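Have the 3D view open as you read.

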Amino acid sequence: MATLVLTAIGDDHLGLVDALSAVIADHGGNWEKSHMAHLGDKFAGIVMVTVPDERTDDLIRDLEPLETQGLLDITAEVSPPTPPVESGTRLSVEVVGLDHPGIVHDISHALAVRGVGIEELESETSSAPMGGGRLFRATILVQVPSAVSVRELKEALEDLAHHLMVDLEVHESD
């Protein structure tokens with residue numbers, strides 16, 4: 001089986017996921033994992049699909065009509081076999097605070113310089129319930145290598161949260 005990672009973006013309208021999933025199913029593909037969302041006036045997503053090796057090229061070719069019909073702009077990448085997960089601790093980092101530029105960069109930089117990889121990052125802004133302004137929320141799943149002290153990482157993130165004036169909670173994740 002081949003693993004494909006598809007990215008798709010298009011003007012948001014009814015039936016985009018149906019059109020994409022139909023092509024995948026028609027080629028014996030399995031929709032393994034995805035993140036999709038309405039962002040602005042666009043619908044965007046990333047999908048991991050497994051498909052029989054001999055059907056990979058046909059699946060990629062048959063995604064093209066979705067682009068020519070103006071439904072989605074799609075990129076398909078064949079993914080190498082997933083390497084074994086490094087031992088360590090998986091953490092969930094929850095961030096909430098008044099929105100301002102640089103929050104994601106500062107947190108991602110603090111993780112990267114410590115050798116901590118981001119597995120997933122979901123964020124959004126919304127109207128703050130009291131006092132106006134925009135509220136920023138993010139959930140970040142990270143894999144902390146066994147060589148990195150979880151305690152020291154938590155302390156560094158807490159110091160950063162204080163500097164950024166956001167609330168930050170760190171929990172062990174499954």
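The points below cover a sheet, the helices packed on it, and a pocket.

1. First, a caution: what you are looking at is a predicted model.

2. Start with the sheet. Four strands make it up, it is open, and the order across it is β2-β3-β1-β4, with antiparallel pairing. The edge places go to β2 and β4 (73-79), and each of these has just a single partner strand, so one side of each has no neighbour in the sheet. From one strand to the next, the twist averages 10°.

3. Now zoom in on β2 and β3. These two run antiparallel and are joined by nine bridges. If you want a spot to check by eye, look for Lys33, which stands opposite Met48 in β3.

4. Next, the helices. Helix α1 (residues 16-26) packs on the sheet and touches β1 (2-11), β2, β3 and β4, and its direction makes about 160° with that of β2. Helix α2 (residues 56-68) packs on the sheet too, touching β1, β3 and β4, at about 165° to the direction of β4.

5. Then there's the second largest pocket, which holds about 240 Å³ of space. Which strands supply at least two residues each of its lining? They are β2 (30-39), β3 (42-51) and β6 (117-127). β2 gives the most, with four residues.

6. What kinds of residue line that second largest pocket? Six are nonpolar, two polar and one charged. Among the lining residues you'll find His35, Met36, Leu39, Ile46, Leu121 and Glu122.

Key: Residues are numbered from 1 along each chain as its sequence is written. This is a predicted model: local features need pLDDT of at least 70, side-chain atom pairs count only at pLDDT 80 or more; totals for chains, interfaces and linings use all residues. Side-chain values use heavy atoms; hydrogens and water are left out. On a 1 Å grid over the protein atoms alone, a cavity is a set of points where a 1.4 Å probe fits but cannot get out, and a pocket is an open set with protein on both sides within 12 Å along at least five of seven lines; lining residues have an atom within 4 Å of a point. Grid points are joined across faces, edges and corners, and a volume is the space filled by probe spheres set on the points. Ala, Val, Leu, Ile, Met, Phe, Trp, Tyr, Cys and Pro count as nonpolar, Asp, Glu, Lys and Arg as charged, and the others, Gly among them, as polar. Two strands pair if DSSP finds at least two bridges between them. Axes are lines fitted to C-alpha atoms, for helices over the stretch in contact, and angles run from 0 to 180 degrees between N-to-C directions. Contact means heavy atoms within 4.5 Å.
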